Amino acid sequence: MIASVRGTVTATGPDHAVVEVGGIGLAVQCAPGTLADLRVGQPARLATSLVVREDSLTLYGFADDDAKQLFELLQTASGVGPRLAQAVLAVHTPDAVRKAIANADTAALTRVPGIGKKGAERLVLELRDRVGPVPVGADGAAGVTAGAWPEQVRQALVGLGWTAGQAEQAVAAVAETVDGETPPVPVLLKQAIRLLGRTR
């Protein structure tokens with residue numbers, strides 16, 4: 001089991017990073033929020049979970065061990081595979097996931113693409129007693145104040161290889177779609193990447 005990797009980030013993409021460890025480049029699947037903190041050419045440490053399938057070995061990476069442990073716990077629920085577990089952590093912080101499951105907040109869980117009402121109820125039923133303590137004041141999503149997200153998304157896009165001008169345009173386009181409550185930063189980053197993907 002590869003529990004973590006530490007090395008230089010040599011490349012990033014919309015859903016992965018390549019970390020060079022001892023001369024070997026490891027492709028690590030990461031959520032947008034994790035990728036946003038990585039910079040090509042800079043050292044990084046990622047907690048990792050190796051998912052073994054008959055035809056593949058996939059390494060999933062996380063900013064810390066807490067997110068990794070929750071990723072592995074989510075997969076013990078019926079119908080939840082690694083991609084869906086990662087999608088949960090792309091939309092919500094680990095604390096927010098624990099809070100949603102502990103409080104049977106199916107509305108929060110169904111914000112994750114791929115989780116419907118029945119899937120959310122199943123997560124609550126199967127994991128409620130196993131998510132651990134819920135911190136007081138855990139927020140509903142991996143979001144920030146309305147004024148802070150543009151800079152975070154802009155920096156993440158530049159870190160992923162787009163120019164400052166392209167990042168600025170994408171942030172402006174995404175900002176026009178934000179009405180009312182600001183979505184989590186990873187969701188906004190995904191929207192920006194989607195927009196930029198069309199123009200490449």
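Two helices, α3 (82-91) and α9 (185-199), each contribute at least two residues to the lining of the second largest pocket. The model is predicted. Of the two, α3 deserves mention first: with 4 residues, α3 gives the largest share of this lining. The pocket holds about 250 Å³ of space.

The lining consists of P14, D15, C30, A31, P32, R83, Q86, A87, A90, K190 and I193. By class, 7 of these residues are nonpolar, 1 is polar and 3 are charged. The charged group includes D15, R83 and K190. Q86 is the polar residue.

The chain is divided into three parts: domain 1 (2-60), domain 2 (63-126) and domain 3 (147-196). The pocket lining takes at least three residues from domain 1 and at least three from domain 2. Between domain 2 and domain 3, the C-alpha centres are 24 Å apart.

Helix packing was examined next. Two packed helices are described by the angle between their axes and the distance between the axes. Helix α3, which supplies pocket residues, also packs with α2 (residues 65-74). Their axes come within 9 Å and cross at roughly 135°.

A second pair is formed by α7 (residues 149-159) and α8 (residues 164-177). Here the axes lie 9 Å apart, and the packing angle is about 140°. That angle makes α7 oblique to α8. The crossing of α7 and α8 is right-handed.

Definitions and conventions. Residues are numbered from 1 along each chain as its sequence is written. This is a predicted model: local features need pLDDT of at least 70, side-chain atom pairs count only at pLDDT 80 or more; totals for chains, interfaces and linings use all residues. Side-chain values use heavy atoms; hydrogens and water are left out. On a 1 Å grid over the protein atoms alone, a cavity is a set of points where a 1.4 Å probe fits but cannot get out, and a pocket is an open set with protein on both sides within 12 Å along at least five of seven lines; lining residues have an atom within 4 Å of a point. Grid points are joined across faces, edges and corners, and a volume is the space filled by probe spheres set on the points. Domain bounds come from an automatic or database domain assignment. Axes are lines fitted to C-alpha atoms, for helices over the stretch in contact, and angles run from 0 to 180 degrees between N-to-C directions. Angles under 35 degrees count as roughly parallel, over 145 as roughly antiparallel, 65 to 115 as roughly perpendicular and the rest as oblique. A crossing is left-handed if the near helix is turned anticlockwise from the far one by less than a right angle, and right-handed if clockwise.
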